[in-house]
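Reader: I'd like a close look at one part of this model. Could you walk me through the pocket and what surrounds it?
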Amino acid sequence: MFQISVRGLHRRWAWTSICAIGAFAVLAILDRKLKQATGYGTIDLQRATSAADVNQILAAWGTSRRVILAGFNLGFDYLFIPLWGFALFYGGLAARERFAPNAGTLRRALLLLCAVPLAGMLLDSAENATELYWIMQQVTDSSALIGNTITNAKWLCVFVGLVLSLAALVGRFLPRKS
């Protein structure tokens, strides 16, 4: 079975977190530029709940320069997905190692929760694929609702990962029981 040391785990957690924060900053800046230019960013597309909402956003992105920026944002998100997903996964493992170092129910439960960000990565990929489908094909109200539901599920997974990572971060500064 593959195992890494706690120190190695913390290094992986730190590097993926730093890279994820950097990629997030790039996406946030580019999305803000897209929103300033068109009134809509890629985040707005993720929040769309109807075909009319999606079509309005796509129409606003209609010029070639804006479409290129929107496409780049959506493509760059595929690079961001494994960064945030593994950063939160490693953060969850760090929380597990800190608060449940020995075998038991809590350790198994935390391991299960560690997998939630990995499921979020799959949901984020499905969300992007749905958005690509909207751009390439015709969007319907049902496909917009499906996309919005996938987005909400993804954010739940991100929240679980953030809570675990925050717990691990706090745990790094708490004294261990002897």
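Reader: How much space lies in the largest pocket?

Author: About 790 Å³. Bear in mind that this is a predicted model, where local features need pLDDT of at least 70, side-chain atom pairs count only at pLDDT 80 or more, and totals for chains, interfaces and linings use all residues. Residues are numbered from 1 along each chain as its sequence is written, and side-chain values use heavy atoms, with hydrogens and water left out.

A pocket here is an open set of points on a 1 Å grid over the protein atoms alone, where a 1.4 Å probe fits, with protein on both sides within 12 Å along at least five of seven lines. The volume is the space filled by probe spheres set on those points, which are joined across faces, edges and corners.

By class, the lining has 19 nonpolar, 6 polar and 4 charged residues; Ala, Val, Leu, Ile, Met, Phe, Trp, Tyr, Cys and Pro count as nonpolar, Asp, Glu, Lys and Arg as charged, and the others, Gly among them, as polar.

Who supplies them? At least two residues each come from α1 (6-38), α2 (42-47), α4 (64-99), α6 (116-136) and α7 (141-173). The chain as a whole has 7 helices and 0 strands, taken as DSSP runs numbered from the N terminus (helices H or I, at least four residues; strands E, at least two).

The largest share of the lining, 10 residues, is from α1. This helix has 33 residues and reaches 47 Å from first C-alpha to last, close to the 48 Å expected (1.5 Å times one less than the number of residues). Just after α1 sits Gly-39, with a positive phi of about 90°.

As for α6 and α7, their axes, lines fitted to C-alpha atoms over the stretch in contact, come within 8 Å and cross at roughly 155°, on a scale of 0 to 180 degrees between N-to-C directions. The two are therefore roughly antiparallel (over 145 degrees).

Definitions and conventions
1 Å grid on protein atoms, 1.4 Å probe; cavity = no way out; pocket = protein on both sides within 12 Å on 5 of 7 lines; lining within 4 Å. Parallel < 35°, antiparallel > 145°, perpendicular 65-115°, else oblique.
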